[in-house]
Amino acid sequence: MAIFEDALGGNVDLLIRRFVIQVRKSKISCGLVYLDGASSKSDLNDILRALMIGMDTSIQSKDSVVNIVVSQCIPYADVAIKDTAVGAANWLLSGNSVLFLDGVASAIGLSTQAFKERSVEQPQTEQVIQGSREGFIESIGTNVSLLRKRMRSSNLHIELIQLGEETATNVVYCYMKGIVNPDLVDEVQRRLQGVKTDAIYGAGYLEQFIEDNHYSPFPQIQNTERPDKAIAALLEGRVVIIVDGTPFSLIVPAVFSQFYQTTEDYDTRFLMASMIRVIRVVALLFSLIFPSLYVSLISFNPEMIPTKFAVAVAGGRAGVPFPAIAEIFGLELIMEILREATIRLPQQIGGALSIVGVLVIGQAAVQAGFVSPITVVIVALTTIGSFATPAYNAAIALRMLRFPLMILAGMFGLYGVMAGLILITNHLNALESFGVPYLSPVVPTSASGLKDTVVRMPVWSMKKRPQQLHTQDTTRVDPAPQGGHGRPLSPIRDKSEQQRNLRRNRQR
């Protein structure tokens, strides 16, 4: 106990409760060490009460003192024997308590962890209309239980690793044994074990250590705070990584098509889901190329614009002292500043700033002659298109690439736009996520994978798992629908048909 007092005695939250217990008619001095606020006081009181009452001294046991105390004195489920000071210290710093017995070289670790945590709430970054309302929280134990709640299978494997020399952050990676590719699990384990740093603050911090291309603007790891989305990824043959202290989990590997899909797509009928996905892809293209197309057409190729529309654009731009590239570049920059200010401000006034800022600044800029009305419309459509992308990190990448495309359009016109799009496509084609091509299942093409890209086919028709993941079990359970044309009638329908035939015969 002197070791702990010397190492942690200066901390105000370190508490030591000394007491005496009786084992085999002999009294033993004990010390219970715990951190204030990290351990449950009610659990500690139950343990102290049981130890101080003692045990039945008439039972003559030949076991060691530690075994007697653990088996007969402690009414607690989770107990671990710690043989080293380092192991006991890590157990204590995790929020648990440690029991020392005088004359015994081992310590008894008691799982009394009781950190304050918020309740399970609706995810804030992934809103859905039809779907689950449960989201991950900052507690890794609660997050794992949310996965277990939905996946009642013995094939779900959850492995723990501690990262960070100082923080010793708990990180778990989950996978479905018998489905996932073993090479993928080995690669995830290798990259996690290769993380050498003093602290892991959250999932986004860990993502930067294990991603493939550190200089790409596109995210190669998907994050989510929805347990149902994590379960769907596990059943596809992916690995889910959960970091203690953050409500986001990481899904590896990730492909580009995942970032404009949502869990709600699978809760709605495939026709509506396909239409919504097409709208998202169109919005994605709007947010990327719309401003650069406008600049190239206005500055270099005005003959491609219809005559009436060209007259309207020319009338709106009359009196604007700046070229098209400077006009739209400056307005896009102002919109990004307003967006960032809205996010960082308190929620009560953030919404008011976004509305007032856009209306007042946009109207004032048009009246002052700094920008044309058509430019405001283009920037507004671009901003709305970036909001339609479900994944926030993917939307940021598209917003970032919008500015180089505008510069190329201002310098070379449509040739610059095409050159920029070719460079982006080549980069996406060369990108990988844990060995999986980023543009799959489009490139390389997979017929079964194309059923769940821009257009989502019915869930009962997607009988194969993603081919690019090279899963052990490639076939899902066939969820063929019952009923429909060419299928036998249900017993209820058969009975009603018989009754109708009987009535017809009686009438005849």
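Predicted model: local features only at pLDDT ≥ 70, side-chain atom pairs only at ≥ 80, totals over all residues.
Gly-31 stands opposite Phe-100 of strand β4.

Strand β2, residues 26-35, is joined to β4 by 4 bridges, and the two run antiparallel. Besides the position of Gly-31 opposite Phe-100, Cys-30 stands opposite Leu-101. Strand β5, residues 107-110, also pairs with β4 in the antiparallel sense, over 4 bridges. There the bridge partner of Phe-100 is Ala-107. The hairpin of β4 and β5 has 5 residues between the strands, and Gly-103 in this hairpin takes a positive phi near 90 degrees.

## The sheet that contains β4

The strand order is β1-β2-β4-β5-β3, in an open sheet of 5 strands with antiparallel pairing. Its edges are formed by β1 (14-23) and β3 (79-82), each of which pairs on one side only. Direction ignored, neighbouring strands are turned by 25 degrees against each other on average.

Helix α2, residues 41-53, lies across β1, β2, β4 and β5 and runs at about 25 degrees to β1. Helix α3, residues 65-73, packs on the sheet and touches β1, β2, β3, β4 and β5; the direction of α3 makes about 135 degrees with that of β4.

## The sheet from β6 to β10

A further open sheet has 5 strands in the order β6-β7-β9-β10-β8, with antiparallel pairing. Strands β6 (156-163) and β8 (222-224) stand at the edges with a single partner strand each, so one side of each has no neighbour in the sheet.

Strand β6 is joined to the antiparallel strand β7, residues 169-176, by 8 bridges. Within this pair, Glu-159 stands opposite Tyr-173 in β7. Helix α7, residues 203-210, packs on the sheet and touches β6, β7, β8, β9 and β10 (249-252), its direction making about 130 degrees with that of β9. Helix α5, residues 140-150, lies across β6, β7 and β9 (239-243) and runs at about 10 degrees to β7.

## Thr-246 between β9 and β10

Thr-246 is placed in the loop between β9 and β10. Because its relative accessible area is 9%, and buried means under 20%, Thr-246 counts as buried. Leaving aside neighbours within four places in sequence, Thr-246 is in contact with Ile-137, Glu-138, Asn-143, Gly-202 and Ala-203.

## The largest pocket

The largest pocket has a volume of about 1,100 Å³. Its lining consists of 42 residues, of which Thr-125, Thr-389, Pro-390, Ala-391 and Tyr-392 lie nearest the centre. The elements that contribute two or more residues to this lining are α7, β8, α11 (324-344), α12 (347-368), α13 (373-387) and α14 (392-412).

By class, the lining holds 16 nonpolar, 18 polar and 8 charged residues. Helix α7, one of the contributing elements, also packs on the sheet of β6 to β10, and β8 is an edge strand of that sheet.

Notes
Residues numbered from 1 in each chain as written. Heavy atoms only, no water. Pairing = 2+ DSSP bridges. Contact = heavy atoms within 4.5 Å. Axes fitted to C-alpha atoms, helices over the stretch in contact; angles between N-to-C directions. 1 Å grid on protein atoms, 1.4 Å probe; cavity = no way out; pocket = protein on both sides within 12 Å on 5 of 7 lines; lining within 4 Å. Points joined across faces, edges and corners; volume = space filled by probe spheres on them. Nonpolar A, V, L, I, M, F, W, Y, C, P; charged D, E, K, R; others polar. Buried < 20%, exposed > 50% of the residue type's maximum accessible area, 1.4 Å probe, protein only.
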